[in-house]
Amino acid sequence: ELSRFNRYSGDDWFSVSLDTATVVAEALRVYERSDGAFDVTVGPLVNLWGFGPPGTRIEVPHADSIAAARGRIGSHHLEARVSPPALKKARPDLYVDLSGIAKGYAVDALAEVLGAMGIDGFVVDIGGDMLTGGRKRDGALWEIAIESPETDSRSIHRVLPITDRAIATSGDYRNYFEVDGLRYSHEIDPRSGYPIRHSLVSVSVLEGSCMRSDAWATALIVLGPEKGFHLAEEENLAAFFIVKGRNGFFNKTTDALDRVSQERR
C-alpha cells in the first residue's frame, strides 16, 4: 500500500487503509511538534547514507548529493485524513517510510488482540519496541532493560519496572560506519541532511501508545540533549536520556518519568 503511494505521481487524495492513515496522521503531528526532527519522508537521505534498502556504504556522500536528497523531503508536502482514509502529496517524488513509527503501531495492535482474548498480563516486543500489560503471574511488575550504549559490548544500563505502558528506545551506537575516525550513525537529522553529531546517545520514551513512544524516541534523539530534553518536558513525556560526557555516560530523566517511578513504589 505504501509502495503504491510512493509510486503514485498524482496530487489527488490516494485511498489507503485506516491503519496507514492513522500512522501517517500521528507521524505528521510529531513532525509539527518536533520542528521537523521526526520526518517520515527522510527516506532519500537514509538511502543515500547507506542505511536503507539499497544497502550499506562506507563513504560520506558528496554535499551536492545530500542537497539534492534534502530537496525531495519534507512532511509539509504530505497530508493524511482518516475519514475516509487517504494520503495526499504535493510532490510527485515524495517517498514515505514509516519504519520509525509503524513498529510501534503494530505493537499496539497486537496488544489490543491480546486484550480482546482476555489476556491481561503480557509483553509485546517487536524489534525492541514494547508494550506491557498487567503484571507477571507472581504479581510483580514487568522489568524492561535499557541497553548500555557501549559500541563494543552488550550490557544492561538500567532496568525499569513498568506496567500498562509502552517503551521504545532510539540510539546511535549500533548502526553506523566510520570514516577518518568520525562515526556516522543511522540517526539522520532531516533538517541538515547529516547524521546526528551531538552527545545524546540513547533516548527511551514511556507512553500509553507504543506508536507514540516509537516516534518520539526518534524525534528526541535527533534534537539532542538540550532541545530534545526541553521538548520532552514540554510534551509531558516520560523520557530517559543517556548522554555521553567527558567521564562516561550520565542520565537525564524528565519530570513525567520521575512521576511514573514514584507511582511504581
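The structure is a predicted model, in which local features need pLDDT of at least 70 and side-chain atom pairs count only at pLDDT 80 or more, whereas totals for chains, interfaces and linings use all residues. Residues are numbered from 1 along each chain as its sequence is written, and side-chain values use heavy atoms, with hydrogens and water left out.

Two packed helices are described by the angle between their axes and the distance between the axes. Here, helices (H or I, at least four residues) and strands (E, at least two) are DSSP runs numbered from the N terminus. Axes are lines fitted to C-alpha atoms, for helices over the stretch in contact, and angles run from 0 to 180 degrees between N-to-C directions. Helix α5 (residues 102–116) packs against helix α6 (residues 210–223) at an angle of about 160°, and their axes are 7 Å apart. The two helices α5 and α6 are therefore roughly antiparallel to each other (angles under 35 degrees count as roughly parallel, over 145 as roughly antiparallel, 65 to 115 as roughly perpendicular and the rest as oblique). The crossing of α5 past α6 is right-handed; a crossing is left-handed if the near helix is turned anticlockwise from the far one by less than a right angle, and right-handed if clockwise. On the α5 side, Ala 102, Lys 103, Gly 104, Tyr 105, Val 107 and Asp 108 meet Cys 210, Met 211 and Asp 214 of α6, contact meaning heavy atoms within 4.5 Å. The residues of this contact comprise five nonpolar, one polar and three charged (Ala, Val, Leu, Ile, Met, Phe, Trp, Tyr, Cys and Pro count as nonpolar, Asp, Glu, Lys and Arg as charged, and the others, Gly among them, as polar).

Helix α6 also packs with α2: their axes come within 10 Å and cross at roughly 35°, and this crossing is right-handed. Val 23, Glu 26, Arg 29, Val 30 and Arg 33 of α2 make the contact with Met 211, Arg 212, Ala 215, Trp 216 and Ala 219 of α6. Six of these residues are nonpolar, none polar and four charged.

Ser 34 is located in the loop between α2 (18–33) and α3 (43–48). With 1% relative accessibility, Ser 34 counts as buried (buried means under 20% relative accessible area, exposed over 50%, partly exposed in between, with a 1.4 Å probe and protein chains only). Residues up to four places away in sequence aside, Ser 34 touches Trp 216, Ala 219, Leu 223 and Leu 231.

A pair of aromatic rings is described by the distance of the centres and the angle of the planes. Rings of Phe, Tyr and Trp (its six-membered ring) pair if their centres lie within 6.5 Å; planes under 30 degrees apart count as stacked, over 60 as edge-to-face and the rest as tilted. Four aromatic pairs are counted by this rule. One of them, Tyr 8 with Phe 14, is tilted, at 5.1 Å centre to centre and 45° between the planes. Phe 229 and Phe 241 form an edge-to-face pair, at 5.3 Å centre to centre and 70° between the planes. Phe 229 lies in helix α7 (residues 227–234) and Phe 241 in strand β12 (residues 238–245), so this pair ties together parts 12 residues apart in sequence.

Ring pairs also link Phe 5, Tyr 8 and Phe 14 into a cluster. Phe 5 belongs to helix α1 (residues 2–7) and, at 0% relative accessibility, counts as buried.
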